[in-house]
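Subject: Handing over a structure, with notes

Dear colleague,

I am passing on the structure below, and I would be grateful if you could read the notes that follow with it open beside you.

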Amino acid sequence: MSSDPKETLRQAALFYHEHPKPGKLEIRATKPLANGRDLARAYSPGVAEASLEIGRDPANAARYTARGNLVAVVSNGSAVLGLGNIGALASKPVMEGKAVLFKNFAGIDCFDIEVNEPDPERLADIVCALEPTFGAINLEDIKAPDCFIVEKLCRERMNIPVFHDDQHGTAIVVGAAATNALHVAGKRFEEIKIVSTGGGAAGIACLNMLLKLGVKRENVWLCDIHGLVYDGRDVDMNPQKAAYAQKSDLRTLDEVITGADLFLGLSGPGVLTPAMVAKMTPQPIVFALANPTPEILPEEVKSVAPDAIIATGRSDFPNQVNNVLCFPFIFRGALDVGATEINDEMQLACIEGIAALARATTSAEAAAAYKGEHLTFGAEYLIPKPFDPRLVGVVSSAVAKAAMESGVATRPIADFDEYRECLNQSVFKSALLMRPVFDAARTASRKIVFAEGEDERVLRAAQAILEETTETPILIGRPEVIERRCERAGLAIRPGRDVAIVNPENDPRYRDYWGSYHTLMARRGVTPDIARAIMRTNTTAIGAVMVHRGEADSLICGTFGEYRWHLNYVSQVLAQGGLRPHGALSMMILEDGPLFIADTHVYSLPTPEQLAEIAIGAARHVRRFGIEPKLALCSQSQFGNQAEGSGQRLRAALEILDSAPRDFAYEGEMNVDAALDPELRERLLPGGRLEGAANVLIFGHADAASATRNILKMKAGGLEVGPILMGMGNRAHIVTPSITPRGLLNMAAVAGTPVEHYG
């Protein structure tokens, strides 16, 4: 292997593109084709019905075909990234990459189309002929000024959105970054002087957008390789450049940069020097966006202007101006309302959505994707990160609303809140299934105490709880540590102001807490000294005592440590009055729906009585998610074919369940494949009591339950909600160390539901 980092990266990139199959895209069917009945509906004769409906009303194409969610990325390869005119075929990896971004960030299907056509008018003819296939067109990597011609002709002749991302995508993200840079600097668009280098498609589009944001035309100074674009110049001019010609005797960038508030570079390396930056206004804004080498490096800017606000096009510096912040989400909003174009109102809405998101608290998912980076709004965090999952909900809904208000939407959205929720569900896999739980939790304001209150995941969850629920988070931890970590994570919450704090090192309730704990444990070997020590050091025990005393409604613990260690203290304090743990239930959210697993943590080898309790509790909790439970008691044994082992205990549990009327379906004992495959189960036990695939698997051994849970999580991409501690009246839940902030928020919603809501 080469020791040259560039060669290593090159080889890794080539391997990525070649294996396990060439390219980055494939086509998958969205409908079954398993038998003759499916074939008759997918093709002849059934397909004719869809064609006839579209013939009667062309709008039906969005109902019966993929067109309403299909975008074409079209290029002739004449201006690819920093590679120049490499031709249509060589541009294909780039266009495939663009298609992948559409799919991954916004769920939009995409075909990349590379066209061997240098003539802009003929290229426009080809693109326009594609209108029946696509819901929108993304023009990409077409050189200037040809790109202006192609886009103009296509927009005039097509009745679907046509968007040249190199122009407008760049302009939108620059507009968002500039909006927030001026916010940080305390300046206004109407007041600033802008000096720009680069008269290509992106540079001109950015200047056009800045004018729409309020910049005055006379305050824009455009330079290119020949110097200032001035009135009367005839070298390398076109109508787009001429629109920014200045009446001036100045000729060079060095001359016009004096007194500039914002430098906008979309040109080449080394164009701007530190000496030029020194001539700009105090706290200059420098957007050096040339790739891979910017017009000036950030450290060079800082050497003469330490307070400068800097953005580049590179991911290894703060404030990367990246079109992926824009194009997936503006197309998502446009497609969802059937927009006929992407107009100025939609672009401005996109800018405001992106800018506002950066000013909001950073999402936990973005923080996890960019570990070690400081993601707090300010000079080094002007725009969100591409992997912030809130982008689709915030930006796409803003674009869709602007399309409706500006009159270009052919399919207006009736319920905008519902639409925004659907967008969020597309990125937060748990959102749809958790909705009934969140709705129930909103009916009561419960106090949730977190034992590990200093954990950043808990802090992010607490922020989200305050934003999304009516619950009150209580954090156990040292106030100064919590405050410091909130500041570092860019969270708005502060101890004592937004969240209540219990400080184990110095809390006025300390004597009351150890007294309560000692009263409970005095005849179980706990002396006053031990009680005092535990109430200083054991945050799980402190949280349990708070719930016992009525100072909190529910405890969440377990972000570190072993499950049964936490369970011991939860049981000591809270297992009374008929409450006791009888199993842990995990909901695994899979691509084809949810699957519940129990018992994953409480009992190593549950007895028949315990298994029956687990089944009854699981059925009750599954209904909290709006799902009708169908239980399978799972074992190596299959309907009595093994006399010993877990099958024996599961058969005894089945007898207990059969001894009284139950309001849920169940069957057992059986293998997991029989539980999930109704046809196989019918062959093995015709006329069984369970219909369809089971959605709850009850195992006779914790090893089997835990292994299944972890395999589904690690290899099948399952997202876990839980574990839910059953039998404790919702007074405590013990999570696992792998839980995410979103997982903690989900568990807070589970804990926030009063027990009477689910029996």
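Helix 26 (residues 608-622) lies across strand 15, strand 16, strand 17 (630-634), strand 19 and strand 20, and runs at about 160 degrees to strand 19. Helices (H or I, at least four residues) and strands (E, at least two) are DSSP runs, numbered from the N terminus. Axes are lines fitted to C-alpha atoms, for helices over the stretch in contact, with angles running from 0 to 180 degrees between N-to-C directions, and contact means heavy atoms within 4.5 Å.

Please bear in mind that this is a predicted model, in which local features need pLDDT of at least 70 and side-chain atom pairs count only at pLDDT 80 or more, while totals for chains, interfaces and linings use all residues. Residues are numbered from 1 along each chain as its sequence is written, and side-chain values use heavy atoms, with hydrogens and water left out.

The strands under discussion belong to an open sheet of six strands in the order 18-17-19-16-15-20, with mixed pairing; two strands pair if DSSP finds at least two bridges between them. Strand 18 (665-670) and strand 20 stand at the edges with a single partner strand each, so one side of each is left without a neighbour in the sheet. From one strand to the next, the twist averages 20 degrees.

Within this sheet, strand 16 (residues 593-598) and strand 19 (residues 696-699) run parallel and are joined by three bridges, with Ala-598 having Ile-698 as its bridge partner in strand 19. Strand 15 (residues 584-590), by contrast, pairs with strand 20 in the antiparallel sense over five bridges, and there Met-588 stands opposite Glu-720 in strand 20. Although strand 20 (residues 719-725) is at an edge, six of its seven residues are buried, so it is largely enclosed by the rest of the structure. Buried here means under 20% relative accessible area, exposed over 50%, and partly exposed in between (1.4 Å probe, protein chains only).

An open sheet of five strands, with parallel pairing, has the order 13-12-11-14-21. Its edges are strand 13 (500-502) and strand 21 (732-734), each with a single partner strand, so one side of each is left without a neighbour in the sheet. The twist here averages 20 degrees from one strand to the next. Strand 11 (residues 447-450) pairs with strand 12 (residues 472-476) in the parallel sense over four bridges, and Phe-450 stands opposite Leu-475 in strand 12. Helix 24 (residues 539-548) lies across strand 11, strand 12, strand 13 and strand 14 (554-557), and it runs at about 170 degrees to strand 14.

Strand 9 (residues 285-288) and strand 10 pair in the parallel sense over four bridges, and Val-286 has Ile-310 as its bridge partner in strand 10. In a regular strand the side chains alternate between the two faces of the sheet. Strand 10 (residues 309-312) is covered on both faces, with Ile-309 and Ala-311 buried on one side and Ile-310 and Thr-312 buried on the other.

Helix 14 (residues 327-336) is mostly covered, nine of its ten residues being buried, among them Phe-327, Phe-329, Phe-331 and Arg-332. Just after helix 14, Gly-338 takes a positive phi of about 60 degrees.

**A cavity**

A search of the whole structure finds one cavity of 30 Å³ or more. On a 1 Å grid over the protein atoms alone, a cavity is a set of points where a 1.4 Å probe fits but cannot get out, and lining residues have an atom within 4 Å of a point. The largest cavity has a volume of about 50 Å³, where grid points are joined across faces, edges and corners and a volume is the space filled by probe spheres set on the points. Its lining includes Val-502, Tyr-510, Met-535 and Ile-542, and helix 22 (510-521) and helix 23 (528-537) are the elements that give two or more residues to it.

**The chain as a whole**

The protein chain has 31 helices and 21 strands, and 53% of its 759 residues count as buried. Its C-alpha atoms fill a box of roughly 95 × 75 × 55 Å, taken along the principal axes.

With best wishes

Conventions:
1 Å grid on protein atoms, 1.4 Å probe; cavity = no way out; pocket = protein on both sides within 12 Å on 5 of 7 lines; lining within 4 Å.
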